[in-house]
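Please read the following note beside the sequence and the model. It is arranged as numbered points.

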Amino acid sequence: MKNCLVQLALRSFLIAESSQHMPGDKARLLLPLMKENDTHCIDFSYWLYSEDYLNPGTLNIFVRVNKGAFANPIWNVTGSQGVEWHRAELAVSTFWPNEYQVMMVLLTVESTT
């Protein structure tokens with residue numbers, strides 16, 4: 001996986017605070033379109049935690065091909081994952097003449113007590 005997207009997010013971060021949002025609210029991060037006929041490595045860290053043991057939401061990773069209306073889910077994690085950073089690595093491939101875009105979506109859920 002030689003074409004990692006490290007240069008896009010080197011020492012960058014995104015915070016999506018879900019505690020003050022309504023169930024069903026979404027935060028989206030769209031990576032640039034990729035057109036190369038190759039496999040790309042998406043390497044990222046995430047922190048999904050709730051202090052009061054409520055569900056902080058779901059982090060979903062999708063791939064949209066050729067600017068289509070629909071995106072295919074390729075990875076997700078739901079619920080509080082503890083007071084620590086977690087790392088994920090995903091390999092995403094496309095074949096010419098396709099182009100694709102990786103989308104990270106945080107979905108808030110209804111709190112349960």
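This is a predicted model: local features need pLDDT of at least 70, side-chain atom pairs count only at pLDDT 80 or more; totals for chains, interfaces and linings use all residues.

1. Which residues does Gln101 touch, not counting residues up to four places away in sequence? They are Leu30, Leu31, Leu33, Phe62, Val63 and Arg64; a contact here means heavy atoms within 4.5 Å.

2. Residues are numbered from 1 along each chain as its sequence is written, and side-chain values use heavy atoms, with hydrogens and water left out.

3. The chain has one helix and six strands, in the order α-β-β-β-β-β-β from the N terminus. Helices (H or I, at least four residues) and strands (E, at least two) are DSSP runs, numbered from the N terminus. Strand E6, residues 100-107, contains Gln101.

4. Is Gln101 buried or exposed? Gln101 counts as buried because its relative accessibility is 11%; buried means under 20% relative accessible area, exposed over 50%, and partly exposed in between (1.4 Å probe, protein chains only). Of the 113 residues in the chain, 32% are buried.

5. Two polar partners of the Gln101 side chain deserve attention. The backbone oxygen of Leu31 lies at 2.9 Å from this side chain, and the side chain of Arg64 makes a polar contact with it at 2.5 Å. A polar contact is a pair of N or O atoms within 3.5 Å; within protein, one must be able to donate a hydrogen and the other to accept it, and residues adjacent in sequence count only if both atoms are side-chain atoms.

6. Among contacts in the chain between residues at least 6 apart in sequence, 77% join residues at least 24 apart.
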